[in-house]
Amino acid sequence: MISGWSLSTAVTLPAGSHTFATVAIGVAVAGASNATVSGNNTSTNQGTITVMIIKK
Amino acid sequence: MNGSLALREAVLVLTNADNNNVAIAGYSFFRITGPTTSFAITGIANGFDGKVITLYNATVFSLTIKNLNPSSASANQIKTLTGSDLIFAAANSSVALQYSLSETKWIVIAQQNLAAQTVTFNQSANSVFGTAALTVLPSTPQTVIPGLTQTIDVPAGSVAYISSVGALVTTAAIATGFSVVDIFLTIDGSITANGGYQRVYAMLPIQLVLLRV
């Protein structure tokens, strides 16, 4: 069964180059199996990250 | 005063490019001629307390009034009051100035036919997409999901709005198998303080059937 994530936040940053990313970390719970996260454009799991820069 | 005010016209011959420390005679209304391409005024000589002048650009070439430009002597410089140069349209235009004794500068008090300004908002929006699946073990440390990263030059005084969506599945082979993965947003490798974290549980569809029973 597919489980999804949906994250968003707004931050004020100092001027300059910044790198934005979505990362995954495995959680060591007893009995947990591996997971397949995201995928390419042929996968229904494909993730995306959008960054909007808004001038105040 | 009972009567009319008349400021007699004088011709002011300028040249192409910058005109520094422009000498003006004892008049207050000047008709600019001479340039055959865009030109500029960086300063005007002969200012004195309260003197008012109107410059009428009779050419069809763009006039620029340069703000506090050091090509002219300090006492001859012009304050446009915008902090920037005033660029007029490539057509007839006019600008009125008055000399401030306390600031020893010419002050722009009126203008007509400024060039259309190009406003750069420095705003943008960009999406990137997953390029491959990532296998996450229970012991997998912080790993960027393939394709879900982008580097942007953020201008001063801006807010960055970041959003991410996607999905994962468990690779468990048994009916009661499951996976747990933490998904984060990061900026320059650091996890965001708020709003950028979800713990996602994935299980096999058979477990939904078991839950319904």
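Guide: Let us begin with B:Y161, which sits in strand β14 of chain B, residues 158-170, where a strand is a DSSP run of E of at least two residues and a helix a run of H or I of at least four, numbered from the N terminus. The model is predicted, so local features need pLDDT of at least 70 and side-chain atom pairs count only at pLDDT 80 or more, while totals for chains, interfaces and linings use all residues. Residues are numbered from 1 along each chain as its sequence is written, chains are lettered from A and ligands numbered from 1 in the order in which they are written, and side-chain values use heavy atoms, with hydrogens and water left out.

Visitor: Why is B:Y161 called partly exposed?

Guide: Its relative accessible area is 32%, and buried means under 20%, exposed over 50%, and partly exposed in between, with a 1.4 Å probe and protein chains only.

Visitor: How do you know how much area chain B and chain A bury between them?

Guide: The size of an interface is often given as the accessible area lost when the parts come together. Here buried area is the accessible area (1.4 Å probe) that two parts lose on being put together, summed over both, and it comes to about 6700 Å² for chain B and chain A, with 55% of it on carbon and sulfur atoms. B:P138, B:V159 and B:Y161 supply 10% of the area that chain B buries against chain A, more than any other three residues. The contact, meaning heavy atoms within 4.5 Å, takes 74 residues from chain B and 54 residues from chain A.

Visitor: Why is A:N45 called buried?

Guide: A:N45 has a relative accessible area of 7%, which is under the limit for buried, and therefore it takes that label. It belongs to the loop between β3 (35-37) and β4 (48-55) of chain A, and its contacts beyond four places in sequence include A:I2, A:T36, B:G166 and B:V169. In chain A, which has 0 helices and 4 strands, buried residues make up 50% of the 56 residues.

Visitor: What makes the largest nonpolar core a core, and which residues have the most contacts inside it?

Guide: A nonpolar core is a set of buried Ala, Val, Leu, Ile, Met, Phe, Trp, Tyr and Cys residues joined through side-chain atoms within 4.5 Å. The largest such set has 27 residues, and those with the most contacts inside it are A:F20, A:V37 and B:I183. Apart from it lies another core, of 22 residues, including B:I32, B:L63, B:W106 and B:V108. B:I183 touches residues of chain A, among them A:W5, A:L7 and A:V37, as well as B:I145 and B:L168.

Visitor: What makes B:R199 and B:D182 a salt bridge?

Guide: Side chains of opposite charge can pair when their charged atoms come close. The rule asks for a side-chain nitrogen of Lys or Arg within 4 Å of a carboxyl oxygen of Asp or Glu, and since B:R199 and B:D182 show 2.7 Å from N to O, the pair qualifies. The partners lie 17 residues apart, B:R199 in strand β17 (residues 197-203) and B:D182 in strand β15 (residues 178-187) of chain B. B:R199 is partly exposed at 39%, whereas B:D182 is buried at 7%.

Visitor: How many salt bridges are there over all chains?

Guide: The count comes to 3, and across the interface of chain B and chain A the rule finds 0. One of them joins B:D18 and B:K66 at 3.1 Å. That pair spans 48 residues, from strand β2 to the loop between β6 (63-65) and β7 (78-79) of chain B. B:K66 is called buried because its 18% falls under the limit, while B:D18, at 33%, is partly exposed. B:E103 also pairs with B:K79, their closest N and O atoms being 2.9 Å apart.
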